[in-house]
Amino acid sequence: MKYLVYASLIISGASVAQDAPLQAISAINANKTLLTDITNTGAGLVAVGKHGTVIKSINGEKWQQAQSVPTQVLLTAVDFSTETNGWACGHDATIINTTDGGLNWQLQQAKPELDKPCLDIYFEDDSKGFAVGAYGMFYQTTDGGQHWQKRFLDSLLFSEDREYLNDLKENDPEGYEAETASILPHFNRIEKTDNGLMLVGEMGLMARSQDNGVTWQRLDEIYPGSFFAVASDSEQEIVAGLRGNVFAKSKGEQQWQHFENVKTATVNNIINYNNEQWLLLANSGVIFHLKDGLLTHEQRPDGKAILDGVIINNKLVMATEDGIKVKELTP
């Protein structure tokens, strides 16, 4: 599922409904605008961002803008199930799809009347996918996004909220609809882990599904702030978020370890490097390194927020608030 972006788009996300979707604006330097997410499709890289920007590259060096993107909203996340089939989501609960590797996109959903951003999207295969976002937004599809079904995950409510909603549902249906639109926290990221699907978000939310998203269970709270990133391998699970808060738990253990951190940059994403260490990409140009139980950091001189990144040809290609940045990695 990028605090710098999330704060502004959740608070000031109003937009004007259009009779027909607007095409993304063509820009000569599209790779230098705000970019929020990037993925390796297997055939190259695709990044998304401001004003419906979608850019493509084979190796992270030369970039081209997509030919056709039917939206001008801020796109916040992108995911591909194969080299050709991909989806991106963003403001106004917008979801777009490509079947040609990211060159041309089609609109699957746009709901400006909701005034809510979709913050992350994940596809298990060409058919089954999930899109999550602000105030408990949760959509799922089983036909590649031809139809998106809205779900309200009441299992993630606190018990007192569930009782309150049950009473409203019976006695005040209109009030129930109004409350369910905002009672859940923001869902910031949905990720496939070694222990099922994981959903993290606002107010310390961590939830897990071990049946491919059919049911969800809220995990015990370990921290009251927002989480924006989650990752795992065969040995451990990591969650991170606001103000540099990073937690890790070894497989089979119940206790989460909270790392002492002198840097308070919000972590936006976590990626694995050579199965030897984790790179935690953060605001203010900070990259945290988690290796052998030790958390260290490096500071990039430009100080720009790093919202996501991928590793290709021993280079870290980053989507930042100032466009694409590339960093050579030392094995």
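The side chain of His-289 makes a polar contact with the side chain of Glu-298, at 2.7 Å. A polar contact is a pair of N or O atoms within 3.5 Å; within protein, one must be able to donate a hydrogen and the other to accept it, and residues adjacent in sequence count only if both atoms are side-chain atoms. The model is predicted: local features need pLDDT of at least 70, side-chain atom pairs count only at pLDDT 80 or more, and totals for chains, interfaces and linings use all residues. Residues are numbered from 1 along each chain as its sequence is written, and side-chain values use heavy atoms, with hydrogens and water left out.

His-289 belongs to strand β23, residues 286–291. Helices (H or I, at least four residues) and strands (E, at least two) are DSSP runs, numbered from the N terminus. With a relative accessibility of 17%, His-289 counts as buried. Buried means under 20% relative accessible area, exposed over 50%, and partly exposed in between, with a 1.4 Å probe and protein chains only. Not counting residues up to four places away in sequence, His-289 touches Gln-277, Trp-278, Leu-279, Leu-294, Leu-295, Thr-296 and Glu-298; contact means heavy atoms within 4.5 Å.

Trp-278, one of the residues touched by His-289, stands in β22 opposite Asn-272. Strand β22 (residues 277–282) pairs with β21 in the antiparallel sense over six bridges. Two strands pair if DSSP finds at least two bridges between them. The hairpin of β21 and β22 has three residues between the strands, and in it Asn-274 takes a positive phi near 60 degrees. Six of the seven residues of β21 are buried, and the strand is mostly covered.

Ala-305 is in the loop between β24 (294–299) and β25 and, at 2% relative accessibility, is buried. Its C-alpha atom is separated by 6.2 Å from that of Ala-282, although the two are 23 residues apart along the chain.

**The largest pocket**

The largest pocket has a volume of about 550 Å³. On a 1 Å grid over the protein atoms alone, a cavity is a set of points where a 1.4 Å probe fits but cannot get out, and a pocket is an open set with protein on both sides within 12 Å along at least five of seven lines; lining residues have an atom within 4 Å of a point. Grid points are joined across faces, edges and corners, and a volume is the space filled by probe spheres set on the points.

The lining of the largest pocket has 24 residues, and Thr-39, Asp-79, Arg-189, Glu-191 and Asn-269 lie nearest the centre. It divides into 12 nonpolar, five polar and seven charged residues. Ala, Val, Leu, Ile, Met, Phe, Trp, Tyr, Cys and Pro count as nonpolar, Asp, Glu, Lys and Arg as charged, and the others, Gly among them, as polar. Strands that each supply at least two lining residues include β1 (35–40), β13 (187–193), β21 (267–273) and β25 (306–312).

**The sheet that contains β13**

Five of the seven residues of β13 are buried, so this strand is largely enclosed by the rest of the structure. Strand β13 is part of an open sheet of four strands in the order β13-β14-β15-β16, with antiparallel pairing. At the edges stand β13 and β16 (217–218), each with a single partner strand, so one side of each is left without a neighbour in the sheet.

Two of the pairings in this region are listed below.

| Strands | Bridges | Opposite residues |
|---|---|---|
| β13 and β14 (residues 196–201) | six | Ile-190 and Leu-199 |

A hairpin is formed by β13 and β14, with two residues between them. Asp-194 is found in the loop between these strands. Leaving aside its neighbours within four places in sequence, Asp-194 is in contact with Ser-232, Asp-233, Ser-234 and Lys-251. A polar atom of the Asp-194 side chain lies 3.1 Å from the backbone nitrogen of Ser-234.

**Two residues with positive phi**

Most residues other than glycine have a negative phi. Met-203, in the loop between β14 and β15, has a positive phi of about 55 degrees. Asp-92, in the loop between β6 (86–90) and β7 (94–98), has a positive phi of about 60 degrees. Are these residues buried or exposed? Asp-92 is buried at 6% relative accessibility, whereas Met-203 is partly exposed, with a relative accessible area of 42%.
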